[in-house]
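Hi,

Here is the structure I promised to pass on. Have a look at it first, then read my notes below.

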Amino acid sequence: MNVFARNVFAILERTEYRRIESGEDLESIYRLRYKSYRAADMVCDKPDQMVYDDLDEQVNCHRFGVFIDGDLVSTIRIHHVDKANPISPSVTVYGDLLMPRINAGDTFIDPSRFAADPDWSQVYPQIPYLTLRLAGMACFHFDAPYCLSTIKEEHTGFYRRIYMSEQIGPKRDYPGLNYPVVLFQANVHAIQERSFQRFPFFRSSPMEQRLLFGTTRKGDPAPLTVLPTAKYMRKAA
């Protein structure tokens with residue numbers, strides 16, 4: 001394993017994922033979004049210092065906080081898009097391109113609202129990998145072959161390099177953001193083995209996936225935090 005992967009694993013061992021569903025945790029991730037986006041001049045000033053929208057309340061939306069040593073360092077939300085729930089950020093902007101595919105039976109994972117605390121990002125440059133790991137887990141849990149990325153044009157190099165993503169949508173405005181976006185897509189099945197070889201920390205167990213994305217049965221408490229399983233799968237291999 002190369003030095004980069006070892007460094008990510010070292011931080012992953014101190015990382016917890018928390019599924020955010022209500023209460024103060026929701027306010028915490030909405031405020032983190034605002035802090036991160038204002039630092040990069042991505043959104044305008046808001047009196048409540050929170051960033052959220054109606055897409056956060058959709059039934060196919062999963063919101064997460066990422067914690068290192070108990071500190072909230074980043075957040076992301078993930079929509080599972082199919083014919084039953086054809087709603088997500090990318091569909092909002094690129095519905096003309098995506099809806100025909102959804103109606104034909106394609107399914108997508110659409111991660112959005114990735115936000116990293118600007119202070120902790122200086123300490124842990126591994127945060128994007130720890131956070132976007134959740135998108136890959138969602139693809140495997142929901143058996144969705146495609147992962148969408150509605151992103152700034154200057155971020156496209158990262159997605160091409162790490163996920164072999166390809167642009168499928170032109171530059172367009174996104175509601176509430178101070179910059180245009182482009183639509184990229186990764187074919188998860190096509191890059192799975194290559195990705196795991198280069199970035200073994202992207203591996204996860206079905207149990208971790210189920211705890212993070214599975215439906216909680218009535219009467220059962222939702223998991224408060226979930227510990228990453230990549231390190232255990234690496235040892236087993």
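**What I found**

Tyrosine 124 is buried, with a relative accessible area of 10% (buried means under 20%, exposed over 50%, and partly exposed in between, using a 1.4 Å probe and protein chains only). Before you go further, note that this is a predicted model, where local features need pLDDT of at least 70, side-chain atom pairs count only at pLDDT 80 or more, and totals for chains, interfaces and linings use all residues. Residues are numbered from 1 along each chain as its sequence is written, and side-chain values use heavy atoms, with hydrogens and water left out.

Back to the rings. Tyrosine 124 pairs with tryptophan 120: the ring centres are 5.7 Å apart and the planes are at 15 degrees, so the pair is stacked. Tryptophan 120 itself is partly exposed, at 27% relative accessible area. For the rule, rings of Phe, Tyr and Trp (its six-membered ring) pair if their centres lie within 6.5 Å; planes under 30 degrees apart are stacked, over 60 edge-to-face, and the rest tilted. The structure has 20 aromatic pairs, and ring pairs join a cluster that includes Phe4, Phe9, Tyr129 and Phe202.

Two rings also have a charge sitting over them (NZ of Lys or CZ of Arg within 6 Å of the ring centre and within 35 degrees of the ring normal). Arginine 101 does this to tyrosine 146, at 5.0 Å from the ring centre, and lysine 152 does it to tyrosine 179, at 4.9 Å.

Now try helix H7, residues 188-198 (helices are DSSP runs of H or I, at least four residues, and strands are runs of E, at least two, numbered from the N terminus). Which residues of H7 are buried? They are Val188, Ile191, Ser195 and Phe196. Down the axis of H7, these buried residues fall within an arc of 135 degrees, so they line one face of the helix (the arc is that of the directions from the helix axis to the C-beta atoms). On the other side of H7, Ala190 and Gln197 are exposed. The cover over the buried residues includes helix H5 (127-142) and strand S5 (146-151).

Serine 195 has a relative accessible area of 8%. Not counting residues up to four places away in sequence, serine 195 touches Pro200 and Phe202 (contact means heavy atoms within 4.5 Å).
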